[in-house]
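Open the structure in your viewer and keep the selection tool at hand. The stops below say what to select next and what is there.

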Amino acid sequence: MFVNWALQEVNLKIVYYGPGLGGKTTNLEYIYHKLDPSLRGDLITLKTREERTLYFDFLQLEVGRIKGMKPKFNLYTIPGQVYYAYSRRIILRGVDGIVFVADSQADRMTENLDSLMDLEQNLIDNGFTLQNFPWVLQYNKRDLPRVLPVSELNARLNFHGVPVIEAVASRGIGVLETLKTAIHGVVGKVQKVI
Amino acid sequence: MLQLAEKSTEQFMLSTETFNLVNEILRELVTSTRSDFALFCDSNGNPITHHGKQHVVNLSGLSALAAGNFAATSEMARVVGEKEGFKFIFQEGERRNLFLCNVGFNFLLAVIFDKMVALGLVRIFANKAVESLKQVLDKAAKAEEKASDFIDSEFGLLLGKELDKSFNL
């Protein structure tokens, strides 16, 4: 969190984490296209030629002033592929909240778990754990065949009982609800800290 | 006491007084070098303040990219055995150049200048600005204002309403 008193701004950083091809960039693209341009900046994407996220995607959102302060939300995605480990560590610096975008398909569970373990390790390196950090789980791609039931996804991934949102990010289903839930988690955590 | 430019923490509060001093340093830097623009941001990618022709850039975008670029460059320095990191990043364009350097551990300074302005000049004045910025940040007392003045349960409630309005939920 960065509070700039002179400009009366409070900046919060939310990172979309999860395995490659899980739908993190799709979440940001939907938010970008759905929101009024006066409420958001440009969507910056650093992609490979194969349209995969190379470094990060970035989108800034603003909402109206609250109690005199202007909240700004800086949304980042991480590159999901295993070999971009260092990029993920960099992007997590100063993070206030996390959306973990899990792929609901049965054959993607190993990738979900690997990415979640990678997230936990990176949080530990920053002095946090999944237990004491505000994060939410998005079960994406609920429209595809061979998805696991939510109860099984919960049993495998949600061992801390964090909020869960079912989503089809390509159609915008659950995307804004996920973001709103994550923002509430961050604000709740800030309230506890101060 | 840990100093603002160096301490590692997830929360920063910048007072109005410090902000004004930083602004003055940026103004001097831009004037002395006849640069187009100077941006001061944190190493997490949050823009803090700037001076110059604002229309030149998207502030939040430049800050996010500067932070990412500097972090990647620092890692490149480590990979090639440069323990203290590289001192600055310089990008040469057809019309404009970009100079980027760190201010302590937590902040970055970016200068955008016309190709007619000598890099050496920008480098000298940017180094001077970095020293001044470090002094200002090190002296910065904890901001008088507190986050608890505004982030309370009412803030959370009002934020929820604003988000509903923005998202048309």
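Begin with strand 2 (37–42) and strand 3 (47–52) of chain B, which pair in the antiparallel sense over 5 bridges. Helices (H or I, at least four residues) and strands (E, at least two) are DSSP runs, numbered from the N terminus, and two strands pair if DSSP finds at least two bridges between them. The model is a predicted one, in which local features need pLDDT of at least 70 and side-chain atom pairs count only at pLDDT 80 or more, while totals for chains, interfaces and linings use all residues. Residues are numbered from 1 along each chain as its sequence is written, and chains are lettered from A and ligands numbered from 1 in the order in which they are written.

**Around strand 2 of chain B**

Select the turn of this pair: strand 2 and strand 3 of chain B form a hairpin with 4 residues between them, and B:Gly45 in the turn has a positive phi of about 95°. Next select B:Ala38, whose bridge partner in strand 3 of chain B is B:His51. In strand 6 of chain B, the bridge partner of B:Ala38 is B:Val111. Strand 2 and strand 6 of chain B run antiparallel and are joined by 6 bridges.

Is strand 2 of chain B enclosed or open? Of its 6 residues, 6 are buried, so the strand is largely enclosed by the rest of the structure. A residue is buried if 20 or more other C-beta atoms lie within 10 Å of its own, exposed if 12 or fewer, and partly exposed in between, with C-beta atoms placed from the backbone. In a regular strand the side chains alternate between the two faces of the sheet. Here B:Phe37, B:Leu39 and B:Cys41 point one way, and B:Ala38, B:Phe40 and B:Asp42 point the other way.

Stay on B:Val111 and show its contacts. Leaving out residues up to four places away in sequence, B:Val111 touches B:Leu29, B:Ser35, B:Ala38, B:Phe99, B:Val122 and B:Ala126. Contact here means that the C-beta atoms of two residues, placed from the backbone, lie within 7 Å.

**Helix 1 of chain B**

Select residues 16–33 of chain B, which form helix 1. This helix has 18 residues and reaches 26 Å from its first C-alpha to its last, close to the 26 Å expected at 1.5 Å a residue; the expected span is 1.5 Å times one less than the number of residues. Its buried residues are B:Thr18, B:Phe19, B:Val22, B:Ile25, B:Leu26, B:Leu29, B:Val30 and B:Thr33. Seen down the axis of helix 1 of chain B, the buried residues fall within an arc of 135°, so they line one face of the helix; the arc is that of the directions from the helix axis to the C-beta atoms. What covers them includes strand 1 (2–4) of chain A, and strand 6 (107–114) and helix 3 (119–139) of chain B. Just after the helix, B:Arg34 takes a positive phi of about 55°.

**Where the chains meet**

Show both chains. The contact takes 38 residues from chain A and 43 residues from chain B. On the side of chain A that touches chain B, helix 5 of chain A gives the most, with 8 residues. The residues of that side divide into 22 nonpolar, 11 polar and 5 charged. For these classes, Ala, Val, Leu, Ile, Met, Phe, Trp, Tyr, Cys and Pro count as nonpolar, Asp, Glu, Lys and Arg as charged, and the others, Gly among them, as polar.

A:Phe2 stands opposite B:Phe12 in strand 1 of chain B.

**Strand 5 of chain A**

Move to strand 5 (70–77) of chain A. Because 7 of its 8 residues are buried, strand 5 of chain A is largely enclosed by the rest of the structure. It runs parallel to strand 2 of chain A, with 8 bridges joining them, and A:Val15 stands opposite A:Tyr76. Strand 4 of chain A is joined to strand 5 of chain A by 6 bridges, and these two run antiparallel. There, A:Glu62 stands opposite A:Lys72.

**Two exposed residues**

Finish with A:Gln131, in the loop between helix 3 (109–125) and strand 7 (135–140) of chain A. A:Gln131 counts as exposed because it has 10 C-beta neighbours inside 10 Å. Then select B:Gln91 in strand 4 (residues 89–92) of chain B, which is exposed, with 11 other C-beta atoms within 10 Å.
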